[in-house]
Every structure is written in structure tokens, then in C-alpha cells.
Amino acid sequence: MTENTKERTIEFLSDGHVIRGVLGVPDGDGPFPIVILGQGLAGLKEWTLPEVGAALIQVGIAALWFDYRNFGDSDGLPRDEVSHYGRLQDWHDAISYAASLPEVDVQKLGIWGTSLGGRDVLAVAAVDRRVKAVVSQTPLVKWMPALAARMAGFGTDVQRFSRELAVDRTKRTLAEAPCYVPVVKASGDTAKAAFIAGLSEGDKRNYSGRVTLQSYQPTTLIDIIPLIELISPTPVLFILAEQDFLPGQKEAYHAAKEPKSLVTIGGDHFGPYTVSKSDSIKATTDWFEKRFLAKSMY
């Protein structure tokens with residue numbers, strides 16, 4: 001953060017869980033526009049979000065970034081479990097918290113999410129009209145069983161994946177410990193492994209290297225394309241990576257109604273955090289600056 005920034009830790013409740021994060025506010029008199037930032041599957045608030053927040057704050061937009069329930073500094077059990085519906089509630093409650101702050105202009109409130117967080121912000125913006133602008137970066141649009149099995153480390157064996165999910169769920173109903181799998185799988189996770197390896201020790205202070213198997217359980221959010229056309233008239237920006245392996249991203253962009261924009265950056269799914277980080281941050285900053293600080297609002 002720059003010396004022209006006021007930064008503090010914050011916390012708020014979501015379904016009884018204490019969600020913890022960081023609020024950065026530009027120097028000067030508010031109220032300020034604000035953008036709420038969230039990471040992806042198993043991602044922590046220390047990963048790239050402070051840099052995105054700093055860029056926004058530099059141009060006069062406040063930023064709030066947080067850990068989802070069950071991760072990082074936030075409460076929730078079991079630890080390191082992606083709660084697909086719970087994350088959405090965390091987003092709604094983060095919006096409620098931000099809107100309660102005297103430093104915030106509630107008519108200029110945006111959300112930004114990446115990867116699984118990119119899916120979340122599309123779903124949230126479709127139903128929460130308090131959101132005035134949204135950026136979805138490399139979103140996970142289609143959570144199909146085949147993709148979930150691959151991401152969980154089962155390769156193409158969807159049947160074994162489904163069986164083990166069912167066995168684990170039964171054990172958990174009988175008060176047994178949840179099954180965990182590595183975040184970085186033994187094969188096929190080269191880009192993710194390189195990204196994790198490049199993080200600082202401070203960035204990894206809450207990183208366990210594992211998630212519960214149930215984190216990969218497909219839900220009724222299996223395909224959010226039908227929700228995307230509901231986002232309009234809220235403006236949406238898609239930031240997509242040229243070599244991303246996730247399906248449905250361009251379909252999602254085409255499903256969105258105006259006003260919408262698309263920025264394509266270099267690299268794979270982790271490109272926005274590595275080789276194209278500066279490009280993705282600039283696209284984000286330019287978008288929100290245009291939407292929230294331009295004299296003629298859209």
C-alpha cells in the first residue's frame with residue numbers, strides 16, 4: 001500500500017461465521033466508490049488481491065478483500081472446505097458490510113472475482129442490484145462432473161470420483177473426519193504448482209495445501225450461463241486468458257447482455273497472477289475508474 005492509503009482489518013458475520021478481511025481507503029474525504037475482491041477455489045486473500053486493491057486505491061477507489069468461510073483468517077468448519085453456496089452468502093454479506101461503512105458511496109459499489117470467484121460474482125450480480133459494476137476474471141462457468149473429477153485428481157474416472165464423494169459424505173454424516181485431497185495434484189497441475197511455489201512465506205501463512213474432497217462436489221450451480229443474462233443493466237467486464245482450459249467462458253460473455261466488455265490477456269488460467277498480472281490489473285482499474293470516476297456515468 002502507498003502512504004496515501006488508510007488500511008485496516010475488518011470482520012463481519014455471514015451465516016454466523018466471522019468473515020475476516022482487509023479494507024483499504026484512499027486518502028482524502030469520502031465517500032468513495034468501493035470494489036470487493038474475492039479469490040478462487042482454495043485461494044486466500046493474500047494472493048494477488050492486495051495488488052489489485054492497491055491499484056484501485058491509487059486511483060481513488062476503496063477496496064475490500066476477504067477470506068471465504070472455512071479458509072484463511074475467517075471462521076468456519078470443516079477447515080479448507082469450499083462451500084459453494086456459502087461463498088455466495090459471504091459475497092452478499094460483504095456487500096452489506098461495505099454498504100454500511102460511512103466511507104463508502106453505495107451507488108458506486110463493484111465486485112471482482114477470479115476463477116471460482118469469477119463464477120461467484122456473475123451469480124451474485126445476477127440477483128443483487130446493489131452491485132453497480134462487476135469484473136469476472138477467468139471464471140469457472142461450467143462445474144460439470146467430468147471437470148470436477150479432473151480437478152479433484154481423478155482424471156477421467158468420473159464413476160470412481162462419484163463413488164468416493166458418496167462414501168465420504170456418508171462417513172461425515174456419522175461424525176467421521178472429512179476426506180482431504182491436495183490442492184496441487186500429482187499430475188496436470190504444473191501451472192498451479194508454479195504459482196504456489198512463487199508465493200512468499202507471508203502469502204502462504206494460511207495455506208494448508210489441501211481441500212476437502214467435498215469441495216469438488218458438483219451442485220445446482222453446475223452451469224451459470226442461464227443467470228448471466230440477468231446481470232444487465234449492471235455493466236460486466238470479462239477478463240479471459242488465451243490458454244485457459246476452463247470451458248464456457250466465451251459462451252458466458254456472449255450470453256451477457258449489454259453493457260459488457262471483454263479483455264483477453266496472455267497465458268493460461270494462472271496468467272492473471274503471473275505473466276499477465278499487470279495487464280489484468282490495468283484492465284480492472286481502467287474498468288472501474290471509467291464506471292465510477294468518469295464525469296459521465298454509464
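Predicted model: local features only at pLDDT ≥ 70, side-chain atom pairs only at ≥ 80, totals over all residues.
Helix 1 runs into Gly60, a residue with a positive phi near 105°.

**Stop 1: helix 1.** Step back to residues 49-58, which form helix 1. Which residues of helix 1 are buried? They are Leu49, Val52, Gly53, Ala55, Leu56 and Ile57.

**Stop 2: helix 1 against helix 9.** The crossing is right-handed. Show side chains on both. From helix 1, pick Glu51, Val52, Ala55 and Leu56. Their partners in helix 9 are Lys277, Ile281, Thr284, Thr285 and Phe288. Sorted by class, this contact holds 5 nonpolar, 2 polar and 2 charged residues. Val52, Ala55 and Leu56 are also among the buried residues of helix 1.

**Stop 3: Asn70.** Select Asn70, in the loop between strand 4 (62-66) and helix 2. Asn70 is not a glycine, yet its phi is positive, about 80°. Is Asn70 buried or exposed? Its relative accessible area is 4%, and the cut-off for buried is under 20%, so Asn70 is buried.

**Stop 4: helix 2 against helix 3.** Move on to residues 84-99, helix 2. Helix 2 packs on helix 3 at an angle of about 60°, with 10 Å between the axes. That angle makes the pair oblique. Helix 2 passes helix 3 in a right-handed crossing. On the helix 2 side, select His84, Arg87, Leu88, Trp91, His92 and Ile95. On the helix 3 side, select Leu116, Gly117, Arg119, Asp120, Val121, Ala123, Val124 and Val127. The contact comprises 8 nonpolar, 3 polar and 3 charged residues.

**Stop 5: Ser115.** Go to the loop between strand 5 (104-114) and helix 3 (116-127), where Ser115 sits. Ser115 has 11% relative accessibility, so it counts as buried.

**Stop 6: helix 4.** Select residues 145-152, helix 4. Buried here are Leu147, Ala148, Ala149, Met151 and Ala152. What do these buried residues pack against? Show helix 5 (158-173) and strand 7 (180-182) to see the partners. After helix 4 comes Gly153, with a positive phi near 100°.

**Stop 7: Ala175.** Follow the chain to the loop between helix 5 and strand 7, where Ala175 is found. Ala175 has a positive phi of about 70° although it is not a glycine. Its relative accessibility is 71%. Exposed means over 50%, so Ala175 counts as exposed.

**Stop 8: two cis peptide bonds.** Select Gly30 and Pro31: the peptide bond from Gly30 to Pro31 is cis, with omega near 0°. Pro31 lies in the loop between strand 2 (17-26) and strand 3 (32-38). Then select Ser232 and Pro233. The bond joining them is cis too, with omega near 15°. Pro233 belongs to the loop between helix 7 (225-228) and strand 9 (236-241).

Note on methods. Residues numbered from 1 in each chain as written. Heavy atoms only, no water. Buried < 20%, exposed > 50% of the residue type's maximum accessible area, 1.4 Å probe, protein only. Helix = DSSP H or I, 4+ residues; strand = E, 2+ residues; numbered from the N terminus. Axes fitted to C-alpha atoms, helices over the stretch in contact; angles between N-to-C directions. Parallel < 35°, antiparallel > 145°, perpendicular 65-115°, else oblique. Left-handed = near helix turned anticlockwise from the far one by under 90°. Contact = heavy atoms within 4.5 Å. Nonpolar A, V, L, I, M, F, W, Y, C, P; charged D, E, K, R; others polar.
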